[in-house]
Every structure is written in structure tokens, then in C-alpha cells.
Amino acid sequence: MKAGCGFGIFLFLTTSANAETVATHRYFVELNQSLTEMYVNACFEGTPNFTLVAESLDASLAYTRGKVASSGDEVNPSGEISLKKLRRDDCFSYQVDISRPIMAHDPRPMTIKRVGRDVITAEGIWLWRPKTASPTHKVEVIFTLPIGVGISVPWSRINSKNPFHFLLKETPYDWPAFTAFGFFKETEVMVGKSTLRVSILESQRRLEFKKSILQGIKDAARAVRSVTGNFPVDDLQVLVEPGAYGPNAISVGYVSRGGRPAVHLHINERKHDVFATDSTILHEFAHLLLPKINNVDSWLTEGLATYYEYLLAARVGHKSVRDTLNIFRKNFERARLSLPKQSLLEVSQINSMSVGRDKIYWGGAAIFFMADVKLRLLTEDQYSLDHLISDFRDCCLQKKISWSGEEIFLEFDNIAGHKVFEDLYRRFVAVSNFPDVLEAFNAIGFEVSGFGQGRGEKRESKLRLGIFN
Ligand SMILES: [Zn+2]
């Protein structure tokens, strides 16, 4: 009876939500031929009772002019844009200058960046959007682009007849997202059930490099898929920006989560033949295994990605087990000596990445290395960090849109049925003691004292836990 009653309530609520109609606001966006100006006509269904905001601090500087359609009244943003002057079913049109980087209050180089003839922009430099998401409205964005110009955005297409018609997924407006326009074609890379929509922007170098990049992306995605059996994002925007210098195939990689998750790679296409073995791509894809973690807990975000970056590079054979363990050993030691009086939590909260990077990345990786080994020891190698991540994604990913480190560690312990993470958090995250990695090295049969003397290699055959399998 109770189940039937609950069902009735559900039906009532559903009907009620539908009765309160969902307003569809449509943004019609045009770009000029040289991709230097954007013209946005934002049309609101009903009477908009919200303000508009843009994620970039430079959005007001890129905004050149705007007016209300019904009255012709000028609109000038001051932090936010009020829609009080709009009538019912009215529009507000505005123009944005994306011809050059601004970088006045927003130092990110990708806020407006030209790559060959193409342009990358932060969504937040041009998109003035409702401040908060609401179940009573949705926002569609429809582009009209010059002939031959393609697009890359982290939103879903909703019209099979028009590839430039998208539904804006309303994550918090201050989560960065990036859009690219230019003379590229999005390539779909399928990995299991997931689609990676890869856009490679224009290179000034006369090289055939795209095949290697697409293959490298596919191989890395497969490696990350092996952690849980599924690639962590169903539909991923991948932006590849050529033109980097230096010895690495990938000079910078990062993840953004506005709209939907996306991965950005700045590559040196001259090194395309070693792109697949550059572990940066494993690192970025490994970030996707977890949901958004609060910025103050970067030790956790970077720790997990760094641990899997090297673990997966060894599992797929890009590095030997011995080399990988020596990389762990060397970097754990460097992290232990870095800022020794501050806890991992303090370093993540107080220091910039340039000061605390070693400690944040490798201190965090040490926590996950220890957690993985402990879970395996408790279960005779039957339950690992891989299993835990998979179980977390099944049960708990949707519970919150962003997590603190402590919250997610408590959830991990609930799932695993052991107090492994709570214990690590209390002993090595909240206080300045460095994780006791020797214990974990011993447990897998790697003799740390052998580092640099060849003895690590001898012990390799005695690895007791299958972390590299
Ligand atoms: Zn990272």
C-alpha cells in the first residue's frame, strides 16, 4: 500500500511540475567571418525574474554594447545584468569583442586565444546567462556560423537537423567552460559506450600529426576505462591546441567542468610520435574518475590523477614496474621534504600550485598509493582502489555536484566497509606527518633502500599485490 501511495504522490508532483510550464530561453549567437565579434540575441520566454551573470571577470570589458529589443534601451553590465527593463517574451541583444586577449582581471590565457585562424574563448567571456539554474526554465543556444566554421562546446546537441543547436547544461555559473570556433571538424572517438568529441585546432606547422593524436587519445581513454570498465564520461569535449614548444608532446593539460566535463591539451605537434606515451593525457582523463572536488582539496584531485597517471602508464607498458616504483619513491621523498611543517590540507588551502605543487601532487598520490595497498592487504588482493572508484561511481556519484575531501573519504570508507580513508585523512592529511609509504612499498615487495643500487629490480619479481595488473 505504501508503495502505491508513494507512486501516487510522484504522479501528482510530476503533473504539478508540468502544469508550471518550463520556460525556454533561446540565445541566438552569430560570429563574423574573421571570428572577432560575437552577436548574441537572448530571447526570454515569459517575464525573466533573474539577473544574468558571466563567469569571466573580464566579460564586462569584452561586452561592447547591448540593448533591449522592445524599447531600444541600452544595457550596461556592472558585474551582473538586470533584466528588469525587459517586457514579457522580450529579447536583449549584445555584442562581444573577441578579437584580442584582455587579461585585465582574468589572467587565464584561454579566455580569448587565437590558434591559427581558430579562436578559443571561455564561455564566460561572452555568455551572459541566468545566475542560477531553475527547474522552471531551460536555456538553448543556437549558433549561426560563417561557412566552413566548426564549433566545440561542452553542451549536448538537441536538434538532429541542426548541429549548432545546443542545450546549456546549467552547472554553477562560476565553473569554467570553453568554446572554440574555427576551421576544424569535430572528430568522434568512440571508447566503449562513450564518445570523445575531439577538436584539433589549426597548426602553423606543416606536419601530419592528427592521426597520432587521435590514436593517443583513444589509447589513453581505453587505459582509463580499464579502471572501472567504463570511460568515466559519456560525452566528452576534447580540445587540442597545437603550437606548444619544449620537449614534451603535451605541455599543459587541464580539465574544466562547466556544462559538462572537458579536457584541454596544449601540444607540441612536432612530438606527435610520442604523444601516446606522454602520461599527461592519462592524468587528465584520470581526473574524470571523480566528480568535482572543492578547490581547497586539490591534494585529493591531483593525488588521485597523479597516482593513476603513473600506475596506468605502467599497466599499459609505457613504463616498467621498476621505473614506476622508483618514480614513486623519488617523488614521495621530494614531497616529504617540501613544506614539512604544513599539512597536506594546509598546503592545498594556502599555497599556490607553484609553491606547493610537489607536496599537493605527490603527497596526495602517496595517500592513494597507501589506500590502494591497504585495501588489497585487507582483502587478499580481491578489492582495490579500482573497485572502490567503480563502486563509488555506481552508488554515489549523483549524490552531490561537488564534494569536500573529507566527505568523499567518508563515503569511500562506507563503500569499502573499512576505515582506511578516515584513518589516512586523520594521520596524514589533516596533520603535517607525511604518509608512511615505506609500509606500502614493503607490502608490495619493493625494497626502498635498493633505490639507485639495482636492488629494487631484484625485488620486483616478488611483488605481492597486483597493483600493476
Ligand atoms: Zn591534474
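The structure is a predicted model, in which local features need pLDDT of at least 70 and side-chain atom pairs count only at pLDDT 80 or more, while totals for chains, interfaces and linings use all residues. Residues are numbered from 1 along each chain as its sequence is written. The chain is assigned domain 1 (21-183), domain 2 (184-288) and domain 3 (296-469); such bounds come from an automatic or database domain assignment. Between the C-alpha centres of domain 1 and domain 3 the distance is 41 Å.

**The seven-stranded sheet**

- Helices (H or I, at least four residues) and strands (E, at least two) are DSSP runs, numbered from the N terminus.
- An open sheet of seven strands has the order β4-β5-β2-β1-β9-β12-β11, with mixed pairing.
- Its edge strands, β4 and β11 (156-157), each pair on one side only.
- Two strands are said to pair if DSSP finds at least two bridges between them.
- Strands of a sheet pair through backbone hydrogen bonds, either parallel or antiparallel.
- Strand β1 (residues 23-31) pairs with β2 in the antiparallel sense over six bridges, and Leu31 stands opposite Met38 in β2.
- β1 and β2 make a hairpin with five residues between them, and Leu35 in the turn has a positive phi of about 55 degrees.
- β2 is also joined to strand β5 (residues 91-97) by seven bridges, and these two strands run antiparallel; Cys43 has Cys91 in β5 as its bridge partner.

- A residue is buried if 20 or more other C-beta atoms lie within 10 Å of its own, exposed if 12 or fewer, and partly exposed in between, with C-beta atoms placed from the backbone.
- In a regular strand the side chains alternate between the two faces of the sheet.

- Helix α4 (residues 210-228) has 19 residues, which at 1.5 Å a residue should span 27 Å; its end C-alpha atoms are 28 Å apart, which agrees. The expected span is 1.5 Å times one less than the number of residues.
- The buried residues of α4 are Ile213, Gly216, Ile217, Ala220, Ala221, Ala223, Val224 and Val227.
- Seen down the axis of α4, these buried residues fall within an arc of 155 degrees, so they line one face of the helix. The arc is that of the directions from the helix axis to the C-beta atoms.
- Just after α4, Gly229 has a positive phi of about 100 degrees.
- Helix α5 (residues 280-287) is mostly covered, with eight of its eight residues buried.
- Among the elements that cover the buried residues of α5 are α4, β17 (250-256), β18 (262-267) and α6 (298-315).

**The largest nonpolar core**

- A nonpolar core is a set of buried Ala, Val, Leu, Ile, Met, Phe, Trp, Tyr and Cys residues joined through C-beta atoms within 7 Å.
- The largest such core has 128 residues, of which Val224, Leu282 and Phe369 touch the most other members.
- Helix α9 (residues 353-378) gives the most to this core, with twelve residues.
- Two residues are in contact if their C-beta atoms, placed from the backbone, lie within 7 Å.
- Beyond its neighbours within four places in sequence, Phe369 is in contact with Tyr307, Phe328, Val437 and Ala440.

**Loop residues**

- Arg88 lies in the loop between β4 (63-68) and β5, and counts as exposed because it has 10 C-beta neighbours inside 10 Å.
- Arg88 and Gly46 are 42 residues apart in sequence and 4.9 Å apart in space, C-alpha to C-alpha.
- Most residues other than glycine have a negative phi, and most peptide bonds are trans.
- Glu380, in the loop between α9 and α10 (385-395), is not a glycine but has a positive phi of about 50 degrees. Glu380 is exposed, with 8 other C-beta atoms within 10 Å.
- Asp381, which is also placed in the loop between α9 and α10, has a positive phi near 65 degrees. Asp381 is partly exposed, with 15 other C-beta atoms within 10 Å.
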